[in-house]
Amino acid sequence: MTVNTTLATYSDWCYAGAVIVYLLALLLHGVQFAAGRRRAAAPELVAAGGGGQASTTNPPGDGTSGTRDAAATAGRMAVSLTVLGAMIHGASLLLRALAVQRVPWGNMYEFGSAICLAAVVTWLVLLRRHRVSGLGVFVLLPVVILLFTSGTLLYTKAAPLQPALRSYWIAIHVFAAVIASGVLLVAGAASVGYLMRTSGRAERLPAADVLDRLAYRATIVAFPVWTFAIIAGAIWAETAWGRYWGWDPKETVALVAWVVYAGYLHARATAGWRRGAAWINVAGLAVMIFNLFFVNLVVSGFHSYAGVG
Amino acid sequence: MNGSPNDVLSGVVASLRNTWRGLTSMRTALILLFLLALGALPGALLPQYSLNAAAVQRYQAEHPTISPLLDRLGFFDVFSAVWFAAIYLLLFVSLVGCLVPRSLDYARGLRARPVATPRNLSRLPHHAAASVTAEPAEVTAAARRLLRGWRTAEAVEPSGAHTVSAERGYLREAGNLVFHFALLALLVTFAVGKLYGYEGQVIVLAGGGQFCNSGLLAYDSFKPGIRVDGTRLDPFCVRMDGFTAEYEPNGQPRSFQADIGYQDAAAFGAGPAGATVGGAAGAWRAATLRVNHPLRLGGARVYLIGHGYAPRFTVTFPDGQQRTSAIQWRSVDTTTLLSEGATKFDPPGVTDPEQRRQRQLAITGLFAPTAFFDGAVLSSSFPAPRDPAVAIDVLRGDLGTESGRGQSIFGVDQSMVESGRLVRVARQNLLLGEQLTLDDGTVVRFDGVQQWVSLQVSHDPAQQWVLLSALCVLAGLGASLSIRRRRFWVRAAPITEAEGGGRTVVEVGGLARTDQAGYGEEFTRLAALVLRGDPEPSRGRPAALARKE
């Protein structure tokens, strides 16, 4: 099996392009966030300056309405750029798949990239249903960081799979893990937003109960997928390693993450535990990230497919 | 407490009940879940005896101060530790304590009628009202037709209003219960597999090497379940006919394949005398072992899990006798398969142990499948056996094989070297076919390379039940997270003659019992149909629609 280096190069260019576009989107979300904050502070100034001219259609003070428009425009532009970025990002994965004639999640670089795409697509789907673009910074920041790290420190040249990974289970098990991780990333971002919103530090964010519901709904989609990913992994392990469960570090931490998210669902079902539940959701995301980086790179185990170093 | 037996008894009962309530509360379950997650972490972060005993010893040598404490706490064997078992057993006791009453509640709830229509429907999260021309009874009859698939109950209130109460989504709780019971089943079947299963590894030389699953001693390492004593293993034999490894030009492996012959229980025949070798009953059947493609034989599975090289040496002793040996060396570099090992020889024809212990030989050093010399230092540039070479020390003396100490097959007993009873008599690099001569005239010749494969045999009688439990976990989870338990009420009240009469006020209300999100759309659709007031509902918008968020 030979690698089509031309396609692989195009894939790398698309990857870099996607990171740049996401970065621009992130900056615009930052503008949206900052402008919104000024707006939140503005009414007091206006009131002090004399609220007599206030009317219902025209908010007093040109600067205020200007920044609000700027915030909305920046938000819209950010979302448009995110859509563009997702398309380029998808092209990068598709080209990589074509270049190596296999699924594009065979090493850690590709895995990280696929997770980010899953997260961005989840985010865009949620944006269609809910007006939550104010959360953009919280979603795109981890995505950009993860993509940048994957593309620099963890970059792996296009290459065929090692024998252990040549099984149709890679299309099932790893795909499920990618989807679950991507959706949980967005859920975690929503929970971080919720915690900041309820602590009163980020008034510009969407309403707290919207964020809470967003996190919950993303998690109840991802949790069964994650469960399936673990079960599919166990079935594959039975075929590949001779046992369905062997407390391999990756298996163990995947189970720990599962237990933490199970804890989140129970805590969220308990009245008066919304903030506690949000903290648990953030802890779950921390375990997922730990599983991605630390267990792959530092701990040695059966799952050492990072292809790094 | 005055100490009367009754008081003591009731005190004990009360404290037991409180303990039980505390144990089965959600808060306790959450804390136990958290402890389970926390407790599993050292199992992932610290080396574990069960996975890699050598790594544990290395860690203990590097961290001499903290290791004894960690060891005593069971941190190097977390998943067999008492405290870890305590956490998950308490969790599952708590789970049972929660599930049993919930199951009973659920069974009762299945037979109960939907809750009567609340007096004030406008206080519900979802609400709508309209006035229609249909009779109250017609409205409720149409509503019940519409609410097919819902559990409904109809009532007539003293005021003359007709009501329908409906509830749907009972499967949510069923899914929830299935999920939790399946988790219990998963734990139990996992444990049964650990009790009655076994796992063993063995290295077999390609080119005719054989392995028979006859007992513990056939294995290089064997991990039996508590209820396995090594007798009555699944009978089968495997013969390693050939092994092929393919590599990419950069040395990355592309595929591993072992061509084997095997005899399973059927080949041995069922007769008490066993099978006759070579007869029809004892025939070898061909099969191919690859990574991700094990051989499944009744209860046992055979896996190809590793491979390596066994350099073959022929020693010609001064009296002209020859001995040939090829024993597995282990790779020290997994990408180039540079390997190390020790091939040991007893002098032939020496019966006196004292004499023998002075003239034993060990050939130890490095083997490279594709030799690359940096000066005289041997390394390997490719994992396939293109240009094999060895860099060896030949040691003579007492190997210590009769000392009573166990020793590695990959090395010599260093204490013998240090005490001067095992002495190096030669050091040389040899290409394939080259030889060296020792001071006493003994000739050591590197005359071939064989491949070895390492096989794993696994047996787990409960694993299909584990899979079934896991699938039930998934199905229950899917049902409990995707189905919403929700209620819907209709009240159709006639307008009295004094107020105009002839019309009916229809009110509908809705309540999602779990997550409110998503019920709104369904409610709006249902409400619209009910509020039309037609005996035969069809699509359309009601006269008035008010929905309270």
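Start where the two chains meet: chain A and chain B share 12 residue pairs in polar contact, both residues at pLDDT 80 or more. (A polar contact is a pair of N or O atoms within 3.5 Å; within protein, one must be able to donate a hydrogen and the other to accept it, and residues adjacent in sequence count only if both atoms are side-chain atoms.)

A word on what you have open: this is a predicted model, where local features need pLDDT of at least 70 and side-chain atom pairs count only at pLDDT 80 or more, while totals for chains, interfaces and linings use all residues. Residues are numbered from 1 along each chain as its sequence is written, chains are lettered from A and ligands numbered from 1 in the order in which they are written, and side-chain values use heavy atoms, with hydrogens and water left out.

**Stop 1: the A side.** Select α6 (208-240), α7 (249-269) and α8 (274-297) of chain A, the elements that each give two or more residues to the side touching chain B. (Ala, Val, Leu, Ile, Met, Phe, Trp, Tyr, Cys and Pro count as nonpolar, Asp, Glu, Lys and Arg as charged, and the others, Gly among them, as polar.)

**Stop 2: salt bridges.** Now pick A:E238 and B:R296, whose side chains meet in a salt bridge at 2.7 Å, N to O. (That takes a side-chain nitrogen of Lys or Arg within 4 Å of a carboxyl oxygen of Asp or Glu.) Between chain A and chain B the count is 3 salt bridges; over all chains it's 31.

**Stop 3: two helices in chain B.** Show α5 (residues 82-111) and α7 (residues 171-196) of chain B: their axes come within 10 Å and cross at roughly 150 degrees. (Axes are lines fitted to C-alpha atoms over the stretch in contact, and angles run from 0 to 180 degrees between N-to-C directions.) Among the residues that meet here are B:Y88 and B:F92 in α5(B), and B:H180 and B:F181 in α7(B). (Contact means heavy atoms within 4.5 Å.) The residues of this contact divide into 13 nonpolar, 3 polar and 2 charged.

Key:
Helices (H or I, at least four residues) and strands (E, at least two) are DSSP runs, numbered from the N terminus.
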